[in-house]
Amino acid sequence: MTSLKKFLQKKNYIKIPLVLTGTNHFEIIAKINGTKGRFILDTGASNTCIGFDKIELFKLTSKESKIKAAGAGATNMETLVSTKNSIEIGGWKKKKLKIVLFDLVHVNEALTAHRAMPVDGIIGADVLKKTKAVIDYNKRCIYLKKK
């Protein structure tokens, strides 16, 4: 029987390691507009998000948004949106990624309260769907399909 890794590699997927945090979230390293950052992998987040405090770090241009963010105990949060961003995760790349910007203080407070490192943002289902992602929870890795 073929292993999941071998099967997916034949289908042009790349393997990327995940780190399990003290809050039981998976973290992943990604580059946004050429700048490396730490992100929570969140299958329940509809969009990829970055904190307001990281706008300059990731060279994001933003405009007003009608989207209201909710999650991790907070609701109805104001957001901005940034379009035409590049993202790279492992060997997978995409241009023209839309990113939602909002206040991630509550997320990072929860992480640090559990002795986990704060993150720059969240990789959401938008990216996971585009990559046809397969998460191997046991092996703590994700497979992303290259184009």
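A: Helices (H or I, at least four residues) and strands (E, at least two) are DSSP runs, numbered from the N terminus, and two strands pair if DSSP finds at least two bridges between them. The model is predicted: local features need pLDDT of at least 70, side-chain atom pairs count only at pLDDT 80 or more, and totals for chains, interfaces and linings use all residues. Residues are numbered from 1 along each chain as its sequence is written, while side-chain values use heavy atoms, with hydrogens and water left out.

Q: In which sense do E12 and E13 pair, and over how many bridges?

A: E12 and E13 pair in the antiparallel sense, over 3 bridges. They form a hairpin with 4 residues between them, and arginine 140 in the turn has a positive phi of about 55°. Within this pairing, aspartate 136 stands opposite cysteine 141 in E13.

Q: Which strand E1 residues are involved in pairing with E13, and over how many bridges?

A: Strand E1 (residues 13-17) pairs with E13 in the antiparallel sense over 5 bridges. Proline 17 stands opposite cysteine 141 in E13.

Q: How many residues of E13 are buried?

A: Buried means under 20% relative accessible area, exposed over 50%, and partly exposed in between (1.4 Å probe, protein chains only). E13 is mostly covered, with 4 of its 5 residues buried.

Q: How is a pair of aromatic rings described?

A: The description uses the distance of the centres and the angle of the planes. Rings of Phe, Tyr and Trp (its six-membered ring) pair if their centres lie within 6.5 Å; planes under 30 degrees apart count as stacked, over 60 as edge-to-face and the rest as tilted. By this rule there are 2 aromatic pairs. The ring centres of phenylalanine 26 and tyrosine 137 are 5.7 Å apart and the planes are at 45°, so this pair is tilted. It links distant parts of the chain, 111 residues apart: phenylalanine 26 lies in strand E3 (residues 26-32) and tyrosine 137 in the loop between strand E12 (134-136) and strand E13 (141-145). Phenylalanine 26 is buried, at a relative accessible area of 10%, whereas tyrosine 137 is exposed, at 53%.

Q: Where in the chain are phenylalanine 39 and phenylalanine 58?

A: The rings of phenylalanine 39 and phenylalanine 58 have centres 5.9 Å apart and planes at 45°, so the pair is tilted. Phenylalanine 39 is in strand E4 (residues 35-41), and phenylalanine 58 is in the loop between strand E5 (49-51) and strand E6 (63-64), 19 residues apart. Both phenylalanine 39 and phenylalanine 58 are buried.

Q: Which residues of helix H2 are buried?

A: In helix H2 (residues 105-113) the buried residues are Val107, Asn108 and Leu111. They cover an arc of only 90° around the axis, which puts them on the same side of H2; the arc is that of the directions from the helix axis to the C-beta atoms. On the other side of H2, Glu109 and Ala113 are exposed. Contact means heavy atoms within 4.5 Å, and the buried residues of H2 pack against E4.

Q: With which side chain does glutamate 27 make a polar contact?

A: A polar contact is a pair of N or O atoms within 3.5 Å; within protein, one must be able to donate a hydrogen and the other to accept it, and residues adjacent in sequence count only if both atoms are side-chain atoms. The side chain of glutamate 27 makes such a contact with that of arginine 38 (2.8 Å). Glutamate 27 is in strand E3 and is buried, with a relative accessible area of 10%.
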